[in-house]
Amino acid sequence: MNRFLKDYNYYLRMERAMSQNTVASYCSDIESFLEYYKSDLSLVTAGDIEDYIASKPALSKRSQARLLSSLRSFFKWLVLEGNIKDNPFGTKVLPTWRPDKAMAVENPQQYKEYILKLGSAAGME
């Protein structure tokens, strides 16, 4: 098991008091990402995370949401522990999924323009 993953597992269980099933799911998500992204974690970008999620088209929306939550939590922890300087989730707004706010995308180009407008409004051009 990766050293970061082992320490993160401990953090989730002891400091965040997450259930055994949640810890197992989060760690499985992180382990899968670490197998996909074999470079230095300090070099991960928001685009790398988006590419990783896009590489898993069979995941349900709920599983994608958990995967994002797992990765967001992991990178936040890496920054808190001083293992990396920049959190890829802090540099770009990555989507979150809420079943009550889900939006059907009928026109991908329109969606892309919408996301670009959001980034521009937030000063993240």
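**Around Y8**

Analyst: Happy to, and let's begin with Y8: setting aside residues up to four places away in sequence, Y8 touches Y26, C27, I30, S70, S73, F74 and W77. Please keep in mind that this is a predicted model.

User: What joins the side chains of S73 and Y8?

Analyst: A polar contact of 2.7 Å joins them. Not counting residues up to four places away in sequence, S73 touches Y8, L12, R16 and Y26.

User: Is S73 buried or exposed?

Analyst: S73 is buried, because its relative accessible area is 12%, under the 20% cut-off. S73 sits in helix α4.

User: Let's zoom out. How many helices and strands are in the chain?

Analyst: The chain has 6 helices and 0 strands. Reading from the N terminus, the elements run α-α-α-α-α-α.

User: And what share of the residues is buried?

Analyst: Of the 125 residues in the chain, 30% are buried. The accessible surface of the chain comes to about 8,500 Å², and carbon and sulfur atoms account for 50% of that surface. As for contacts between residues at least 6 apart in sequence, 51% join residues at least 24 apart.

User: Which residues have the most contacts inside the largest nonpolar core?

Analyst: They are Y8, F33, L41, I49, L71, F74 and F75, in a core of 27 residues. Helices α1 (3-15), α2 (20-36), α3 (46-54) and α4 each supply at least two residues of this core. The largest share, 7 residues, comes from α4.

User: OK, tell me about α4 then. Which of its residues are buried?

Analyst: The buried residues of α4 are Q64, A65, L67, L68, S70, L71, S73, F74, F75, W77 and L78.

User: What should the helix span, and how far apart are its ends?

Analyst: At 1.5 Å a residue, the 20 residues of α4 should span 28 Å, and the end C-alpha atoms are 28 Å apart, so the two agree. Just after α4, G82 takes a positive phi of about 80 degrees.

User: What about L78, what is its relative accessibility?

Analyst: L78 is at 0% relative accessibility, so L78 counts as buried. Apart from neighbours within four places in sequence, L78 is in contact with F4, L41, N83 and I84. L78 and L41 are 37 residues apart along the chain, and their C-alpha atoms are separated by 9.0 Å.

User: Switching topic: how many salt bridges does the structure hold?

Analyst: The structure holds 1 salt bridge. In that salt bridge the side chains of D29 and R66 meet, at 2.7 Å from N to O. The pair links distant parts of the chain, with D29 in helix α2 and R66 in helix α4, 37 residues apart.

User: Which of those two is buried, and which is partly exposed?

Analyst: D29 is buried, with a relative accessible area of 8%. R66 has a relative accessible area of 33%, so R66 is partly exposed.

Definitions and conventions:
Residues are numbered from 1 along each chain as its sequence is written. This is a predicted model: local features need pLDDT of at least 70, side-chain atom pairs count only at pLDDT 80 or more; totals for chains, interfaces and linings use all residues. Side-chain values use heavy atoms; hydrogens and water are left out. Helices (H or I, at least four residues) and strands (E, at least two) are DSSP runs, numbered from the N terminus. Buried means under 20% relative accessible area, exposed over 50%, partly exposed in between (1.4 Å probe, protein chains only). Contact means heavy atoms within 4.5 Å. Accessible areas come from the Shrake-Rupley method with a 1.4 Å probe; for residues, only the protein chains shown count as cover. A polar contact is a pair of N or O atoms within 3.5 Å; within protein, one must be able to donate a hydrogen and the other to accept it, and residues adjacent in sequence count only if both atoms are side-chain atoms. A nonpolar core is a set of buried Ala, Val, Leu, Ile, Met, Phe, Trp, Tyr and Cys residues joined through side-chain atoms within 4.5 Å. The expected span of a helix is 1.5 Å times one less than its number of residues. A salt bridge is a side-chain nitrogen of Lys or Arg within 4 Å of a carboxyl oxygen of Asp or Glu.
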